Amino acid sequence: MGGVERYGKLIKFPPGGRLVISTDLHGNLPDFRRVVAAFRQALEDTDGDAYLLLTGDLVHGPCYTREQWPEHLGDFYVDQSVELVDEFMGLQRDLPGRVFALIGNHEHSHIGGPHTRKFHKSPSETEFLEAALGPKKTARYKELFRSLPIGALAGRGVVVTHGAPRVLDASFAEICSVEYGGHEGKSIRDMIAVPILGEMFWCRAAGPLVVRRLLERLERDGQRNWIVVFGHDPVRKGYLREGDEQLCFSTSFGLKNEKKVYLDLDLSREYRSVRQLRFGVDILPLYPQLAHKRRRYRPSSASSTTD
Ligand SMILES: [Mn+2]
């Protein structure tokens, strides 16, 4: 049973076992617990050979009451970022080498990225969370966030990122050694232009040529990289394929419960196109008892509630 290897800011899952992947939770504790239940089931099914990967933005949720809750944010929930991160760290301790998260732009806002003002304008949600945590726990969270990788290589040719990987030039080595600090003073607009960081967790779309070139630069040990999966930008119907290479999917934030999905990948399988990821097999409803409410596929663009 091969373990997960670490190359600086990139991690690599072995070509065996299963990998449960969830995107943007934004403090939604009930959704996090469902993802963990799916992961525990995968562990049971495989005699312990399963991994969990969250693709970032574990923290920062809306501050609206049920009455104020806007329609475009999907189903109502209460922001429980602190409980979620605490449970995540507990799970990492209990199952060493099995539980991972990538850094998202919201975690980055605590350790060198621009503060995010999606839910709280002034103070920002970055300050809001740190005030709720107090200095000691804030330091602990920052230590966790600094330890998070920015991307993952999984099994036989799957790449996982936070946002659309519009990485123009960076090499494998440059991505591995990227530093998170030093961008506090930047506007979001300036941040998007920063190589690697801006390109990996602020982008909502990437062209097929840029993505194919990045996948090639990230190849290791003779394994071709075929596809990349990511979140960041909520997709109303749960997932959206872009060409053969890209799958954007939404596990939690901005969606109705019946549309939320997570991935359960067979790491021994070579997925050569995102079309081989099928709903009900590799793309699974987070609330299967509500899945009958899903409408048939209707082409639609990603929603406007990006973060
Ligand atoms: Mn994000």
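Buried stands for under 20% relative accessible area, exposed for over 50%, and partly exposed for anything in between (1.4 Å probe, protein chains only). This is a predicted model, in which local features need pLDDT of at least 70 and side-chain atom pairs count only at pLDDT 80 or more, while totals for chains, interfaces and linings use all residues. Residues are numbered from 1 along each chain as its sequence is written, and side-chain values use heavy atoms, with hydrogens and water left out.

So who is tucked away in helix 8 (residues 208-217)? The buried residues are V210, V211, L214 and L215.

Now for the cores. In soluble globular proteins, nonpolar side chains tend to be buried together. A nonpolar core is a set of buried Ala, Val, Leu, Ile, Met, Phe, Trp, Tyr and Cys residues joined through side-chain atoms within 4.5 Å. The largest one here has 64 residues, and L52, L54, F88, I150 and I175 have the most contacts inside it. Helix 1 (residues 29-45) supplies the largest share of this core, eight residues. A second, separate core has 26 residues, including I227, L263, L267 and V274.

Two residues give a closer look at contacts (heavy atoms within 4.5 Å). Leaving out residues up to four places away in sequence, F88 touches F32, L54, L58, V99, F100, A101 and L144. V35, found in helix 1, counts as buried because its relative accessibility is 0%. With the sequence cut-off of four places again applied, V35 touches V20, S22, L52, L54, T251 and L286.

A search of the whole structure turns up one cavity of 30 Å³ or more. A cavity is a set of points on a 1 Å grid over the protein atoms alone where a 1.4 Å probe fits but cannot get out, and lining residues have an atom within 4 Å of a point. Eleven residues line the largest cavity, with D24, H232, P234, S250 and F253 nearest its centre.

How values were computed. 1 Å grid on protein atoms, 1.4 Å probe; cavity = no way out; pocket = protein on both sides within 12 Å on 5 of 7 lines; lining within 4 Å. Points joined across faces, edges and corners; volume = space filled by probe spheres on them. Helix = DSSP H or I, 4+ residues; strand = E, 2+ residues; numbered from the N terminus.
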